[in-house]
Each structure stands twice: as structure tokens, then as C-alpha cells.
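Below is a set of questions and answers that put computed values beside the definitions they rest on. Please keep the structure open while reading.

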Amino acid sequence: MPTMTYLQAISSALRDELRADERVLVMGEDIGVFGGAFKVTDGFVDEFGSDRVMDTPLAESAIIGCAIGAAVVGLRPVCEMQFSDFISCGFDQLVNVAGKMHYRQGLAVPLVVRLPSGGGFSGGPFHSQNPEAWFMHAPGIKVVAPSTAADAKGLLHAAIHDPNPVCFMEHKHLYRRVKGEVPAGIYETPFTARVVQEGTDLVVIAYGAMVDVAVEAASGLDDASIEVLDLRSLVPLDEDAILASVARCSKVVIVDEANATCAAGAQVAALIAEKGFEDLDGPVVRVATPDVPIPFSPPLEQAVLPNVERVREACRELLAY
Amino acid sequence: MATHMVEPAAGAVEHLKLEDRIWLLRAMLLMRGLEERAMTLYRQGKVPGSFYDGFGQEAVSAGAAFAMAPQDRLCILHRDLAAHIIRGVTPARILGQYMGRATGITRGRDGNVHFGARELGCVGMVSMLPDMMLVATGMAMAFKLRGEPRCALTWFGDGSTSRGDFHEAMNWAGVQKLPVVFVLENNQYAYSTPLDKQFAVDPVERAAAYGFVGVKVDGNDAEAMFEAARSARQRALAGDGPTLIEAVTMRMHGHAAHDDMKYVPKEQVEEWRKRDPIDLQESRLRDLGVDVDALRAEVTAEIDAAAAEALEAPMPDPANVTADVFCEGVAEPLGDGVARWSGFLSTAASGTTGGDA
């Protein structure tokens with residue numbers, strides 16, 4: 001099994017799909033000759049041509065809107081937002097046109113929007129956001145967020161094969177930092193949660209870049225048995241897996257890199273309050289970014305983003321409850 | 001790139017047989033009659049929500065849709081009911097749609113003219129009207145990439161020209177020379193806002209700014225609209241890119257049923273009443289000896305039957321209200337519409353796809 005970085009796994013999924021299915025095309029700003037701001041599509045234009053690796057005008061609403069049109073007449077567009085932050089300019093097309101299409105008129109929109117997201121590198125307020133919860137709140141859109149190279153490839157294959165609009169949250173901080181074995185060829189990772197490590201005393205529920213933070217935090221708590229659950233998919237949310245972890249561990253810490261209010265973790269907490277209350281042996285604890293724009297300067301950014309120490313401290317306190 | 005005004009019916013008659021010209025009138029009569037019936041149902045409390053119509057604008061949708069082939073794809077707006085009729089949506093389903101019945105095109109999930117019959121190659125509008133310009137542009141992009149002889153057409157209003165999606169669609173379509181037809185339905189008011197508060201230039205001139213042809217047409221002349229759309233389609237299929245058709249017309253009713261249109265000078269309405277699109281087409285056909293009264297009677301009977309059928313149709317079952325948010329199984333493709341124009345019967349321009357799977 002080859003070893004790839006998270007970024008290489010995403011590239012590999014796109015390349016495999018472009019080779020296997022002539023309906024697939026990738027479109028976005030500077031993705032052709034330049035190969036994309038993060039080089040995910042580096043070299044693609046030479047193999048697949050500029051029709052299928054399409055440099056678009058600098059217009060996010062147009063990227064999403066045209067992709068919707070292409071999707072409903074049989075193509076399988078994969079759009080790249082240069083940074084997930086810019087999806088705000090394409091929000092209307094995604095939420096109002098794509099998300100509501102099937103419910104209203106039975107017309108599927110097989111569309112993937114890749115959203116390079118997350119902070120930790122002084123990107124500032126407009127290049128560091130985690131906008132996944134905006135789309136969890138909009139009916140008709142699936143949202144996935146891989147934390148490993150293997151899941152990045154498998155979830156992207158599954159997203160491209162899915163007949164619905166899918167937001168693929170790829171965390172920029174993982175691009176070159178995370179490496180792992182990746183199965184060869186095309187395979188689908190299901191839109192379900194994954195138990196990263198089993199435990200009995202406390203479960204840390206996380207997704208995306210926060211999964212590694214959770215694992216590292218747990219490694220410093222040798223006297224406790226910590227489970228880590230990687231959600232992988234936010235819509236659909238794997239309620240069974242979440243409630244099973246709660247039943248096993250009775251104590252829960254939920255970690256979001258996103259701003260705390262109405263975040264994915266808030267939805268998980270609400271689910272546990274509604275359906276897992278009897279299994280709890282302590283309050284549901286959340287670690288998330290406070291409700292501020294992501295600041296630029298390193299000490300400010302580090303002060304708001306969840307980190308290993310904050311998660312570990314939250315676990316310690318809850319274990320002692 | 002110059003814009004030009006198509007003379008009423010110039011060039012149209014040579015492409016329209018008598019049966020076509022009758023069909024244009026028939027589509028407009030059906031649109032007006034169905035909307036009048038829906039308005040009555042609204043006043044009786046049988047149409048929930050609000051009610052919008054295209055009274056006085058029937059030629060804009062009838063003429064343009066008539067020039068579209070089965071394999072073409074349409075995004076139809078809320079004052080364009082004649083396009084749905086031409087495409088093949090039955091009057092009973094249209095009235096069922098207005099009344100929120102299970103038999104309506106969206107099965108009660110969306111209201112009034114917010115629909116697109118998937119099986120007839122139409123993508124339903126959203127209320128952010130110029131959004132559909134991008135969807136049409138994207139469909140055209142796919143046609144061009146696959147080398148298919150097809151085009152996409154969408155309507156939008158004078159208010160839409162102020163939104164960013166108008167610009168983004170016109171720009172993209174111009175850059176890639178896409179086979180798309182943009183019909184700007186200039187009905188003088190966006191809700192209550194008149195043209196001089198909407199743009200500082202003649203909107204048809206904007207086509208040149210994006211690198212393609214803009215055509216200003218008498219939007220109350222169905223045959224002129226047909227000719228403009230036919231030429232635009234021809235340009236699209238020849239690889240000559242998009243066309244902006246500005247259809248100059250007048251919204252004769254309020255924005256919706258609640259709107260008394262106090263902001264519109266009475267003289268303006270009276271002036272446009274003399275230019276009614278149905279009167280124009282009727283007088284042409286009467287001059288040719290067509291029995292228009294018989295056609296009117298036929299259309300009224302069709303609407304009566306449709307209303308009776310729609311009133312009998314069941315309301316949707318709330319048990320299914322959360323179903324179909326996602327496509328769970330095999331996606332149903334866009335199908336092909338009905339082509340009414342006799343020109344499609346004899347030319348290779350027409351064709352069917354069997355669906356956009």
C-alpha cells in the first residue's frame with residue numbers, strides 16, 4: 001500500500017476519477033497551469049486538458065452555479081474553492097439552488113465542492129475559517145471532513161460518486177503534515193464515524209484536524225482509558241456511533257476548530273443531551289474556538305484555536321468529575 | 001458589437017407556418033386563461049401563499065420557448081407560464097401546482113410558478129432570480145464540452161441585471177462562447193422600482209461589454225420573440241456564443257396579487273394596454289381567416305376541464321414531508337421537452353437525448 005500525504009491522497013482521488021469517468025471535471029481559480037493555490041491539481045492540465053481541468057473566472061458564485069448546471073445535464077463537476085472562506089461568495093447557489101433542487105423537483109445535483117479550510121498558519125480572518133456548520137444548517141447538502149490520508153481519498157471518491165451536493169472540508173494544516181498508507185485505486189469511505197482508538201473512561205469526539213489533537217491529548221492521560229471518535233461525516237451525522245461511544249465511556253469531550261456557537265460539536269452535544277442522557281456520568285464538555293474572527297498574529301491565533309493542552313485539560317477535569 | 005432592434009415579425013413569417021402562428025396564440029391564451037383561473041382560485045382561498053402572474057407579458061415566454069428544441073434545456077421564471085405550456089406541462093398539473101396539490105409539479109414542495117418539469121428538460125427557478133442565469137450557463141458549458149448541438153435558455157427581469165450573478169453569468173458565457181440564450185424580460189418595474197433606479201445604461205448594451213450580441217425586441221410580439229430566439233439558438237449552435245435578448249414589455253399587474261401598483265402612472269398602463277400581445281396575434285390570425293373564436297372556446301374548455309381535475313386532486317401527504325431532501329437511489333435525469341415549431345419536424349436541428357443521465 002503506498003504512503004501518501006493528505007494532499008497527495010486528494011490529488012490521487014481526483015486523478016483516478018478523471019481517468020475512470022469522462023463525466024468528471026475539476027474547475028476553480030488557478031487550478032490549471034498553476035496547479036491550484038495548494039498544488040492539488042499540479043500537472044493535471046497536461047494529462048486531462050483545459051476542458052476538464054478548467055481555470056474559471058474569479059467568481060465563486062459562477063463556479064458553483066455553472067457546476068450545478070453542468071451536473072444536472074450529466075457531468076460530475078468537482079469545484080475547488082481556493083480557500084473555504086470564499087464559499088461565502090457562492091453560498092446562495094449552493095444553499096438555495098443546489099441544496100433544494102432534489103426536494104423541490106426530484107432533480108439530483110451530483111456536485112462536489114472542495115473547501116480548503118482551517119487555521120494555524122497566520123492566514124488571518126479570511127483564510128482560516130471552518131465554515132462547515134453553515135452547510136450543516138442548509139437542507140440537502142452533505143458535509144464530510146477527513147482527518148487521514150486514506151479517508152481523504154476514500155471520502156472524496158464517495159463524494160464524487162454521490163448524487164447529491166457534497167462539501168468536502170479538507171484541512172489545510174493536514175495537507176503536508178499528515179501521511180499514511182492509502183489503498184490503491186478507487187474505493188469509497190462510507191459517510192460514517194470511525195473509532196480511532198477504543199476506551200472506556202471518556203470519549204473525545206472530533207473531526208478534521210482536531211482528531212490528531214484529540215489522539216495526542218489522550219496520549220498524555222496514561223492513567224485513563226480514552227476513546228477517540230472521528231466523525232468523518234457531519235451530514236449525515238453518525239448518530240449510532242456517537243451514542244455507542246457515549247454508552248461505552250459515559251463522559252464526553254467534543255472538539256471543534258470552528259467557532260463554538262452552532263458548530264458541528266454543538267449539534268453533537270444536543271444529540272447526546274436528547275438521546276444519550278441516561279448514559280452520561282458528567283456534563284458534556286466542549287472545546288472550540290471562541291466566537292471571534294480568526295486573528296492573524298501567532299500568539300493571538302494560538303490563543304483561540306483548540307490545542308492539545310486545552311483538550312487534555314478538559315479531559316482531566318471531566319475525568320475528575 | 002452593435003445591438004439592434006428586430007422589427008416586429010421581421011423574418012419571422014418565413015419561418016412560421018400558419019399552424020405555428022396559431023400555436024403561439026394558443027399558448028398565450030392558455031397562459032392568460034390559466035393565470036386568470038388561478039387568480040380566481042386564489043381569491044377563493046384555494047391557492048395558498050401569494051399569487052404572481054405574467055399578464056401582458058405572454059409573448060416573451062411563448063415566442064422564446066417556441067424556438068427551443070426537445071434537447072435544449074430551459075430555466076423558466078415566474079412570469080413565463082407559456083414556456084411551460086409549450087414544453088408540454090399539462091394545464092391540470094399547473095393548476096395543481098398553484099393549489100399545492102400532490103399532483104402539482106413540485107408535489108406541494110414549492111408554490112405557484114416555482115417549478116421546472118424535470119422530465120421535460122426544465123430546471124425550476126429559485127426566488128433569487130438571476131441565479132438561474134448561472135445554471136443555464138453551466139448547462140451550456142456541458143453542451144459545448146461534449147460537442148452537442150444544443151443550447152440552454154433562461155429568462156430574468158430588469159431587476160436581475162443589478163445582481164452579481166447576472167454579471168458572472170454574462171462574463172463566463174462570453175469568455176467561453178457558450179451556447180446560451182439570455183432573455184431579459186424588461187417589464188419596466190422590479191416590484192415597485194422603475195428602470196431609472198435600476199441601471200444607468202440601456203441594458204441591452206451590456207451584451208457588447210461581455211463580447212456577444214445583444215438584441216432588443218418588442219416583447220409583446222410573440223413572432224418577433226420567436227425570431228430573436230430562433231436566431232440566437234442558431235448562433236449558439238454555430239459556435240458563435242451567447243445572445244442577450246432584451247424583451248421590452250410591461251408588467252400589467254402588480255408584483256403579486258397584494259400589490260395595487262399605485263406607483264405606476266395610469267397612462268403608462270393604458271398605453272401598454274393598447275399593445276396587448278394576445279390582441280396583436282389575434283388580429284394577425286383573423287386577417288388570415290383563422291377562426292380565433294373557436295380557438296378561444298377550445299382553450300376555455302381545456303382550462304375548465306383542467307380546473308375540475310385539479311380541484312379533485314389530493315393534497316400532499318404530510319407523512320412524506322421529510323422525504324427526498326437527498327437523492328437516495330438512482331438519479332432521475334432531465335428529459336426532453338416537446339417541440340412545437342414545425343421547423344423542428346423537418347430539420348436536423350431537432351433531436352432528442354433520451355435524458356441527461
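**Values set against their definitions**

Q: Which residues of α7(B) are called buried, and what makes them so?
A: The buried residues of α7(B) are Asp165(B), Phe166(B), Glu168(B), Ala169(B), Met170(B), Trp172(B), Ala173(B) and Gly174(B), where buried means under 20% relative accessible area, exposed means over 50% and partly exposed lies in between, with a 1.4 Å probe and protein chains only. This is a predicted model, in which local features need pLDDT of at least 70 and side-chain atom pairs count only at pLDDT 80 or more, while totals for chains, interfaces and linings use all residues. Residues are numbered from 1 along each chain as its sequence is written, chains are lettered from A in the order in which they are written, and side-chain values use heavy atoms, with hydrogens and water left out.

Q: Why is Gln198(B) called buried?
A: Its relative accessible area is 17%, and therefore Gln198(B) counts as buried. Gln198(B) is placed in the loop between β6 (193-194) and α8 (206-209) of chain B.

Q: What makes the pair Gln198(B) and Ser162(B) a polar contact?
A: The two side chains make this contact at 2.7 Å, and the definition asks for a pair of N or O atoms within 3.5 Å, of which, within protein, one must be able to donate a hydrogen and the other to accept it, residues adjacent in sequence counting only if both atoms are side-chain atoms.

Q: Why is the pair Arg104(A) and Asp110(B) called a salt bridge?
A: The closest N and O atoms are 2.7 Å apart, and a salt bridge needs a side-chain nitrogen of Lys or Arg within 4 Å of a carboxyl oxygen of Asp or Glu, so the pair qualifies. Across the interface of chain B and chain A the rule finds two salt bridges.

Terms used:
Helices (H or I, at least four residues) and strands (E, at least two) are DSSP runs, numbered from the N terminus.
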